[in-house]
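Open your viewer and get ready to select residues. This tour goes stop by stop.

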Amino acid sequence: MKKQQNHKLLLSFLYSILLNALLSLYVIYHSLSRPGWGIEAMAEAKAAAAITCSWHGHAFVDSVVINGRPKCECNNCYAGEDCSILMRDCPADAVSGDPQYLEPYWRQNAGRSAVVLSGWHRMSYQNNAPNYISMELERHIRLLHRAVGNAVTDDRFIIFGSGSTQLLNAVIKAFSSSLDHNSPVGVVATAPYYEVFREQTKLFNSREYQWKGIPSNMSGSTNSTQLSSENLIEIVTSPNNPDGNLQRRSKFLLGSSMAAIHDHAYYWPQYSPIPAPADEDVMLFSNAKFTGHASSRFGWAIIKDEKVYQKVVTYMDLSTVGVSSDTQLRVLKLIKTILLQIREEGDFFKFGYEIMKERWQKLSKIVSSSNRFSLQKLSPHYCNYFNEFKDPSPAYAWLRCEKDEDEDCEAVLRNAGILSRGGTVFEAHSRYARLSLIKTLDDFEQLLQKLQTLIFSTDSYSSL
């Protein structure tokens, strides 16, 4: 009798487990198979995108919610609930390299570039690929470079980072640990250079490497023989930030024991002619400057030497355990969108180039109307991507104040209501200032207006 009761209890227990399992499967199946499980998320994104903010701001899904609606985040010099109020005394902001000029392209391609994520999308640390990278994204990056013709990727290793800034230090660390040295390896860059190279190197304060400055100033000599005994890492930015020139390794370091990191953040057809694919030992690219999605914090390095690559992989593993899978998916979608229209109607690079060319021409016209200022000399060059000569379309204007009394160009512009980045930041003369041309249309128009007013007031005063 007791044995029979135990048997019934066991059957009841097993039946309960089976029933629960079937119910769970039923719920999961219907939640997945129900048409449009992502409709709610899409509706939320569309509702935010439909808030125009008078076309002088943005509302996002994650913006502060007021009265049930995302609050408008206004562009510089605009205010009010709907960003319709222009603040007349507001300074034009031409400081940061925030590439928002590409937003209209992504609005035109809203459907193609949109990403809807399930709540359970890649929850694991692992993604069935080595080094925490999406193999599909890596494949599309190789396809992208091949289509654009701006970098060699065959027989190279690719690693992802949270922006190219993180990868920069990872590569410096990899190089410095590879070189045979008894003292810190010197990190150098030819001026004018992007100041993050200097500030980041100093911040980490490593015993393996340290900032050494400008090659031509080292050891108080320009004799390359004197430098040949030093272990050096040179950072070469091409096109250069801030002046847009295509750069090569410093002539002062030829023959020295050194490695080089080539920052190609701006080596895309919208900013520069592409004369040939870059083919260097280490090349860095930034998604921020490429597609304009700076907040996604994504960059990649193309590395020739496997030992250097493995050291960079170790650095990424120990510092951030790779790059967010959500970010990788978004970048993959963006690259797919661009590749779909490459050299066709709606070409991404043509779109970006036309905007940058027009902005450069408008700024050049204003600057050339007076002898108080001058710009860097850029000329048309043949671009293999467009298969024709192209006019300059730099990301930045490298402005020089020409008047004797205008030794601090950044201060001159600031007093006229223009915020810029002074030349000394780039270890150049204070007579220079960098003006960003890649921000919003509002930012660019405010810059032109303030600059034109400054030049007009100067000319009017001179004629008295």
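Which helices and strands each supply at least two residues of the lining of the largest pocket? Select α2 (39-49), β4 (73-74), α3 (103-108), α4 (110-113) and α11 (325-340). Keep in mind that this is a predicted model.

**Stop 1: the pocket**

Stay with the largest pocket. Its volume is about 1,900 Å³. A total of 43 residues line this pocket. Now pick out A49, A59, F60, H293 and R330, the lining residues closest to its centre. Next, colour α2, which gives the most to the lining, with seven residues.

**Stop 2: the core**

Move on to the largest nonpolar core, which has 67 residues. Select W300, F349 and F373, the residues with the most contacts inside this core. Show helix α12 (residues 348-368) as well; α12 gives the most to this core, with 10 residues.

Go back to W300 and display its contacts. Leaving out residues up to four places away in sequence, W300 touches residues including I141, H145, F160, W268, M283 and F290.

**Stop 3: a serine in a loop**

Finally, select S420. S420 sits in the loop between β19 (418-419) and β20 (421-422). Is S420 buried or exposed? S420 counts as buried, because its relative accessibility is 8%, and buried means under 20%. Show what surrounds S420: beyond its neighbours within four places in sequence, S420 is in contact with A94, V95, E410, L413, A433, R434 and L435.

Key: Residues are numbered from 1 along each chain as its sequence is written. This is a predicted model: local features need pLDDT of at least 70, side-chain atom pairs count only at pLDDT 80 or more; totals for chains, interfaces and linings use all residues. Side-chain values use heavy atoms; hydrogens and water are left out. A nonpolar core is a set of buried Ala, Val, Leu, Ile, Met, Phe, Trp, Tyr and Cys residues joined through side-chain atoms within 4.5 Å. Buried means under 20% relative accessible area, exposed over 50%, partly exposed in between (1.4 Å probe, protein chains only). Helices (H or I, at least four residues) and strands (E, at least two) are DSSP runs, numbered from the N terminus. Contact means heavy atoms within 4.5 Å. On a 1 Å grid over the protein atoms alone, a cavity is a set of points where a 1.4 Å probe fits but cannot get out, and a pocket is an open set with protein on both sides within 12 Å along at least five of seven lines; lining residues have an atom within 4 Å of a point. Grid points are joined across faces, edges and corners, and a volume is the space filled by probe spheres set on the points.
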